[in-house]
Amino acid sequence: MGVLTIRVIQETMQKIRKVIRELESQVKDTCIIVVLLGAGGKGVEKRRSICKRLEENGMLVLIPEDDFAPDVAPSAVEEEVLGLADVDLIFVNVESWGSATEFGQFHDKEEIAPKLRVMVPHTYHPLYGNSVGYLTDLYLTHLAKYGHIYAYDDDEESAFPTSEEIVITLASRYRLLKALGKV
Amino acid sequence: MEEIRQKLKVYRALDNDYRVNILVALFHEPNMAFNDLARSLGIERGLLAYHLGVLKHIGLIKGEYERKSKKSSKYYLTNEGMKILKELELIGKPGQECNRAEGAC
């Protein structure tokens, strides 16, 4: 019911990609899909603010709480989605036990890890902070294997950037690299 | 320039087989429930939630969620969604759709 034949899908995808190439050559840029994960409550507000800034820069940004259908439990969506979906970048702001648990669940999945950019409060960063414990050790393992663990300071009391600055900087540069065909 | 960037965002959102099929399915059956969509497309529920999120975010579909009756969310095309299907010539042409019963996919 309403599902296209393989031939029609292939032809449609060719049309879509042709339009994308034409538009990209006009703006000398590309559009990437970014997902922002993190804590609820004030964390969602922070992510919404980041989302707005990235969208203004031409990126397609999703926040699970706002955008994913509520029929499926968030944890079930994230693991399936992040591995199989056509997401370019996933930013996880580990600022609560909830988001730390999320990170723990999928950090070592080969199909997810390359897209993951993890932000931790600078005191918990395995190299720059002085915290010890399971989570810091987990960050160190991920850092050693995949890289992409970033220290932030949203209180702006140190030289570390804010989480917003990290996301904007990395996403913008990634988009440029993708437009140049380097990723 | 802004219009071109917005169009690029829309077409980037369309650059996926599942998402195009979702739009076509909702054209044929507006207000389709989440579970029916998953069955119709043969897609995992988590992945469907993501693809619906992309299409909703870009304004091509809208969704409503009923909590009281414990029914699932339902989705329908927006005017923009209809426009895109016409632009891609996916509406009204015979022989485009898959009939799984006949194996014509």
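The predictor gives the complex an ipTM of 0.86 together with a pTM of 0.88. In the modelled contact between the chains, 46 residues of chain B touch 36 residues of chain A.

**Confidence in chain B**

- The average pLDDT of chain B is 84, and 82% of its residues score at least 70.
- Confidence in chain B is lowest in strand S1 (residues 32–33), where the mean is 90, and highest in helix H5 (residues 79–87), where it reaches 94.
- Over residues 99–105 of chain B the pLDDT stays under 50, and the model has seven contacts beyond four places in sequence for this stretch.
- Where pLDDT is low, the predicted coordinates should not be read in detail.

**Chain A**

- Chain A contains seven helices and five strands, and from the N terminus on these elements follow the order α-β-α-β-α-α-β-α-β-α-β-α.
- The domain assignment divides chain A into domain 1, covering 1–30, and domain 2, covering 31–179, and the centres of these two domains of chain A, taken over C-alpha atoms, are 29 Å apart.
- Along its principal axes, the C-alpha trace of chain A spans about 55 × 35 × 30 Å.
- Of the 183 residues of chain A, 38% count as buried, and among contacts in chain A with a separation of 6 or more, 65% are between residues 24 or more positions apart.

**Chain B and its helix H3**

- Chain B has five helices and three strands, which run α-α-β-α-α-β-β-α from the N terminus on.
- Of the 105 residues of chain B, 42% count as buried, and residues 24 or more positions apart make up 50% of the contacts in chain B with a separation of 6 or more.
- In H3(B), the residues B:Phe34, B:Leu37, B:Ala38 and B:Leu41 are buried. These four lie on the same side of H3(B) because they cover an arc of only 100° around the axis.
- An α-helix has 3.6 residues a turn, so residues three or four places apart point the same way.

**The side of chain B that touches chain A**

- With 46 residues of chain B in contact with 36 of chain A, the elements that give two or more residues to the chain B side are helix H1 (2–14), helix H2 (17–28), helix H3 (34–41) and helix H4 (45–57) of chain B.
- H4(B) supplies the largest share of this side, 10 residues.
- By class, the side of chain B that touches chain A consists of 24 nonpolar, 11 polar and 11 charged residues.

**The largest nonpolar core**

- The largest nonpolar core has 78 residues, of which A:Val34 and B:Leu23 touch the most other members.
- H2(B) gives the most to this core, with seven residues, and the core also draws at least three residues from each of domain 1 (1–30) and domain 2 (31–179) of chain A.
- Leaving aside neighbours within four places in sequence, B:Leu23 is in contact with B:Leu55, B:Leu60, B:Leu77, B:Gly81, B:Ile84 and B:Leu85.
- In soluble globular proteins, nonpolar side chains tend to be buried together.

Terms used
Residues numbered from 1 in each chain as written. Chains lettered and ligands numbered in written order. Predicted model: local features only at pLDDT ≥ 70, side-chain atom pairs only at ≥ 80, totals over all residues. pLDDT = per-residue confidence, 0-100. Contact = placed C-beta atoms within 7 Å. Domains from an automatic or database assignment. Nonpolar A, V, L, I, M, F, W, Y, C, P; charged D, E, K, R; others polar. Buried ≥ 20, exposed ≤ 12 C-beta atoms within 10 Å, placed from the backbone. Arc of directions from axis to C-beta. Core = buried A, V, L, I, M, F, W, Y, C linked by C-beta atoms within 7 Å.
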